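Please look through the sequence and the model below before reading on. The numbered points that follow are meant as a colleague's note, to be checked against the structure one by one.

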Amino acid sequence: MEEKILSVRRAARDAIQSAASTLKELDNVRVQFLGKKGEFTQLMKNINQIAAEERPKIGKLFHEARTEIESLIADKTAELKERELADKLAPESIDITLPGRHVNAGHLHPLTLTLNRVKEIFLQMGYSVEDGPEVETDYYNFEALNLPKDHPARDMQDSFYITDDILMRTQTSPVQARTMERHEPNSPIRMIAPGRVYRRDDYDASHSPMFTQVEGLVIDERITFGDLKGTLEYFLKQMFGEKARMRLRPSFFPFTEPSAEVDVSCVMCGGHGTDCKVCHGSGWLEILGAGMVHPDVLSMSGYDPKVVSGFAFGLGIERIAMLKYGVDDMRLFYDNDVRFLNQF
Ligand code: DAH
């Protein structure tokens with residue numbers, strides 16, 4: 001009997017050690033040895049054949065064997081459960097020490113930032129923002145602005161013509177006439193018109209065949225040159241800071257009379273000029289063109305120059321952006337090199 005118990009014990013140990021590599025197999029082993037019809041249970045059925053004085057010893061032996069097998073099965077169950085869980089998790093494992101993936105968020109282009117600032121300043125002053133086509137008729141681009149065919153000033157702007165009468169607009173000034181035509185004659189206007197313009201220019205550090213302008217137009221009764229001056233001075237101080245100063249020089253544009261070239265004190269040297277590469281020693285930077293709207297321009301678009309007057313101005317966004325951000329080559333704005341664009 002002793003032998004039998006020991007051999008069942010050994011067989012059970014071996015079965016647990018080697019045979020059982022899954023929980024299911026292990027459960028089969030448990031049934032085989034500890035189940036209702038299992039080998040230990042069968043052994044116990046024979047206990048009454050043993051002499052009474054032997055029974056405590058055999059009982060003890062039996063109890064030890066059974067206890068050991070139960071505890072081996074419990075240990076093995078825990079081990080297998082752990083392994084199964086580990087196997088399940090392995091393919092899903094995440095290395096939390098890896099650096100995260102960096103998401104490059106985009107941002108607005110420096111020309112858009114500059115244009116937005118210009119818009120903001122004029123919107124605060126109650127201006128509306130108007131729009132006009134980039135493919136424009138000769139009439140709006142030139143004639144309505146007091147530039148009849150054969151007018152020598154047309155040469156100031158070498159144009160991309162599509163047909164004899166249609167061209168890529170060379171300036172945003174045509175939006176002046178278009179806006180006046182949309183209004184009741186002599187009704188007040190206070191607008192800016194931003195947009196792209198096109199000229200047969202070289203492509204170099206300070207020229208591009210396509211660039212961005214903002215046109216301005218104010219019309220009402222008793223608008224004076226003083227209004228023009230005050231408005232532009234306010235704009236320049238908002239744009240370049242309170243220290244910025246403004247200077248007007250007499251100039252010529254067919255659509256304004258009188259006309260002025262507007263300078264701002266150099267943003268680099270503050271206006272003293274000495275050794276300054278940006279203003280070349282003059283202390284001033286030309287920044288926009290302006291003037292009082294020519295009476296013929298008003299009347300061609302249905303406004304009466306005896307009743308109303310107005311001022312207009314035109315500025316280049318690239319030039320302002322270059323001065324504001326200290327960019328010395330205009331082409332950088334169009335190259336789309338992220339090493340440049342990332343800096344804004
Ligand atoms: N259109 C002019 C240009 O492109 C700029 C300009 C000058 C616009 C004077 C105006 C103005 O409205 O009054 O050179």
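1. Aspartate 158 sits in the loop between helix H6 (138-141) and strand S3 (166-168), where helices (H or I, at least four residues) and strands (E, at least two) are DSSP runs numbered from the N terminus. With a relative accessible area of 44%, aspartate 158 is partly exposed, a class that lies between buried (under 20% relative accessible area) and exposed (over 50%), with a 1.4 Å probe and protein chains only. The model is a predicted one, in which local features need pLDDT of at least 70 and side-chain atom pairs count only at pLDDT 80 or more, while totals for chains, interfaces and linings use all residues. Residues are numbered from 1 along each chain as its sequence is written, and side-chain values use heavy atoms, with hydrogens and water left out.

2. Asp158 also belongs to a patch of negative charge on the surface, together with Asp155, Asp201 and Asp202. Such patches are made of residues with over 30% relative accessible area and no salt bridge, like charges being joined within 9 Å and nonpolar side chains (Val, Leu, Ile, Met, Phe, Trp, Tyr) within 5 Å. A salt bridge here is a side-chain nitrogen of Lys or Arg within 4 Å of a carboxyl oxygen of Asp or Glu.

3. Which peptide bond is cis, with omega near -5°? It is the bond from glutamate 257 to proline 258, and proline 258 is placed in strand S7 (residues 256-265).

4. Arginine 222, in the loop between strand S5 (210-220) and H8, is exposed at 70% relative accessibility; its C-alpha is 8.1 Å from that of glycine 310, although 88 residues separate the two in sequence. Lysine 243, in the loop between helix H8 (225-240) and strand S6 (246-253), is exposed at 78%, and its C-alpha lies 10.0 Å from that of glycine 271, which is 28 residues away in sequence.

5. Finally, the domain assignment, whose bounds come from an automatic or database source, gives domain 1 (2-92) and domain 2 (110-341), and the C-alpha centres of domain 1 and domain 2 are 96 Å apart.

Notes:
Accessible areas come from the Shrake-Rupley method with a 1.4 Å probe; for residues, only the protein chains shown count as cover. Lys and Arg count as positive and Asp and Glu as negative; His and the chain ends are not counted. The place of a charge is taken as NZ of Lys, CZ of Arg, CG of Asp or CD of Glu.
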